[in-house]
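Please walk through this fold with me, one residue or element at a time. Keep the viewer open as you read.

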Amino acid sequence: MANTGQFGATGWTPKQIDSLKGKTYVITGANSGTGFQASRLLLAKGARVVMLNRNTSKSDIAIGQLKSEFGDTAQVSYIVMDLAVLSSVRHGAAQILSLVPHIDALICNGAIAQIAKQQLTVDGFESQLGVNHYGHFLLCGLLFDRIEQSQGRIVVVSSEGHKIGLRAIQFNDLNWDNNYHPNKVYSQSKLAQMMFAYELQKKIAVSKKPVKVYVCHPGASKTSLIRSSANIATRLSWSIMVKLGLAQSAEKGAYPEVMCATEENLKQRAYYGPTGMMNFSGPVDECKLESFVLDDDALTKLWAVSEQAVAFNWSL
Ligand SMILES: NC(=O)c1ccc[n+]([C@@H]2O[C@H](COP(=O)([O-])OP(=O)(O)OC[C@H]3O[C@@H](n4cnc5c(N)ncnc54)[C@H](OP(=O)(O)O)[C@@H]3O)[C@@H](O)[C@H]2O)c1
């Protein structure tokens with residue numbers, strides 16, 4: 001069925017973007033996958049891109065590839081930051097604040113997924129919740145004033161996976177000590193990221209700050225997200241999906257986050273991504289936002305729990 005959303009039959013594509021000269025985008029986990037492709041798409045339109053990556057050699061290779069495509073004058077750089085380590089997030093954010101005077105969008109893209117066995121971060125969090133939610137929660141808080149001064153936006157990259165788990169936050173055992181399950185825990189971490197975004201929208205609305213927050217997902221995209229840390233069943237089902245042609249390119253997977261970082265005419269209390277079969281691929285537009293994501297009590301509680309966990313109080 002043809003897409004009937006705001007961007008018509010083709011959905012949103014980077015053709016919608018005119019020029020991004022003078023704009024600066026900060027993006028986590030950009031040395032590979034959709035983050036790398038989002039960086040490419042933004043650079044292609046003349047933007048400055050600052051990557052927040054944990055691995056220096058992968059980052060050097062990524063920057064080398066981008067400079068060979070866009071020339072040595074391409075404005076792309078990286079700062080080392082490990083989302084799994086709160087002290088590294090604080091250090092990376094401090095560097096951003098000293099080196100990047102203006103942030104048009106902070107794209108929360110980096111993630112780990114379907115880690116086979118429970119692992120804890122150095123700060124004691126289950127690793128998927130720690131990297132995907134707590135790391136970004138702290139980073140956004142530390143950079144919020146700069147984003148506000150820039151009248152910029154925050155883009156949260158979630159996943160259709162937020163629907164496959166409990167459809168709720170397991171507040172009584174956030175580390176899943178008693179019932180660890182790789183997919184359900186990944187699902188919870190992506191749900192937590194969305195809940196953070198919608199709660200942040202509420203707080204911004206009350207304080208009337210000029211910051212926008214958007215949520216998207218990349219569909220099913222051919223990236224390195226499912227790797228050796230996932231169990232055999234997950235790796236096998238992913239490789240079958242890819243062989244069946246059900247996963248799109250990483251570049252197409254980057255469209256929703258680039259759209260949310262650049263497009264003017266979007267709704268905030270919404271969820272954007274590919275709208276084709278099972279939202280795996282297809283025209284990028286507005287997808288259905290499920291009501292369990294907007295449970296007010298859970299949003300408020302998760303915010304309070306997260307502030308305490310990362311020892312950071314937002315000024316909102
Ligand atoms: N691909 C899909 O089908 C799919 C589906 C739904 C949602 N998503 C979402 O799309 C986003 C991008 O993922 P992707 O598919 O492009 O996977 P990817 O190729 O594995 O990219 C993930 C990026 O996150 C980085 N990262 C992981 N842990 C990190 C940490 N502790 N600190 C900093 N960076 C870290 C990775 O860096 P390293 O290279 O150093 O590991 C990598 O650059 C994620 O939010 C993911 O949840 C993807």
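Valine 85 is partly exposed, with a relative accessible area of 21%. Here buried means under 20% relative accessible area, exposed means over 50%, and partly exposed lies in between (1.4 Å probe, protein chains only). This is a predicted model, in which local features need pLDDT of at least 70, side-chain atom pairs count only at pLDDT 80 or more, and totals for chains, interfaces and linings use all residues. Residues are numbered from 1 along each chain as its sequence is written, and side-chain values use heavy atoms, with hydrogens and water left out.

Valine 85 sits in the loop between β3 (76-80) and α3 (86-99). Helices (H or I, at least four residues) and strands (E, at least two) are DSSP runs, numbered from the N terminus. Not counting residues up to four places away in sequence, valine 85 touches Val122 and Asp123. A contact here means heavy atoms within 4.5 Å. Glycine 35 is 50 residues from valine 85 in sequence and 20 Å from it in space, C-alpha to C-alpha.

Now turn to strand β5. Arg153, Val155 and Val157 point one way. Ile154 and Val156 point the other way.

Which strands pair with β5? Strand β4 (residues 105-108) pairs with β5 in the parallel sense over 4 bridges. Strand β6 (residues 212-216) also pairs with β5 in the parallel sense, over 5 bridges. Pairing requires that DSSP finds at least two bridges between the strands. On the β6 side, valine 213 is the bridge partner of isoleucine 154.

The chain crosses from β5 through helix α5 (residues 182-207) to β6, and this β-α-β crossover is right-handed. β4, helix α4 (residues 127-149) and β5 also make a right-handed β-α-β unit. Right-handed means that, with the strands pointing away from the viewer, the path from the first strand over the helix to the second runs clockwise.

Next come the loops around these elements. Isoleucine 115 lies in the loop between β4 and α4. Its relative accessible area is 4%, so isoleucine 115 is buried. Its contacts, not counting residues up to four places away in sequence, are Ser127, Gln128, Tyr180, Pro182 and Ser229. Threonine 234 is 119 residues from isoleucine 115 along the chain, yet their C-alpha atoms are separated by 9.8 Å.

Tryptophan 176 lies in the loop between β5 and α5. Its phi is positive, about 55 degrees, although it is not a glycine. Most residues other than glycine have a negative phi. Tryptophan 176 counts as buried because its relative accessibility is 1%. Lysine 208, in the loop between α5 and β6, also has a positive phi of about 55 degrees and is not a glycine. Lysine 208 is exposed, because its relative accessible area is 71%.

Helix α5 deserves a stop of its own. Glutamine 201 is found in α5. Its relative accessibility is 8%, so glutamine 201 counts as buried. Glutamine 201 touches Val213, Gln268 and Arg269, not counting residues up to four places away in sequence.

Also in helix α5 are glutamate 199 and lysine 203, 4 residues apart, about one turn of the helix. Their side chains meet in a salt bridge (4.0 Å, N to O). A salt bridge is a side-chain nitrogen of Lys or Arg within 4 Å of a carboxyl oxygen of Asp or Glu. Glutamate 199 counts as buried at 5% relative accessibility, whereas lysine 203 counts as partly exposed at 23%. Glu199, Lys202, Lys203 and Asp296 are linked in a network of salt bridges.

How many salt bridges are found in the whole structure? A search finds 10. Among them is glutamate 160 with lysine 163, whose closest N and O atoms are 2.9 Å apart. Lysine 163 is buried, with a relative accessible area of 17%. The side chains of glutamate 290 and lysine 288 meet in a salt bridge at 3.5 Å, N to O. Glutamate 290 counts as buried at 16% relative accessibility, whereas lysine 288 is exposed, at 58%.
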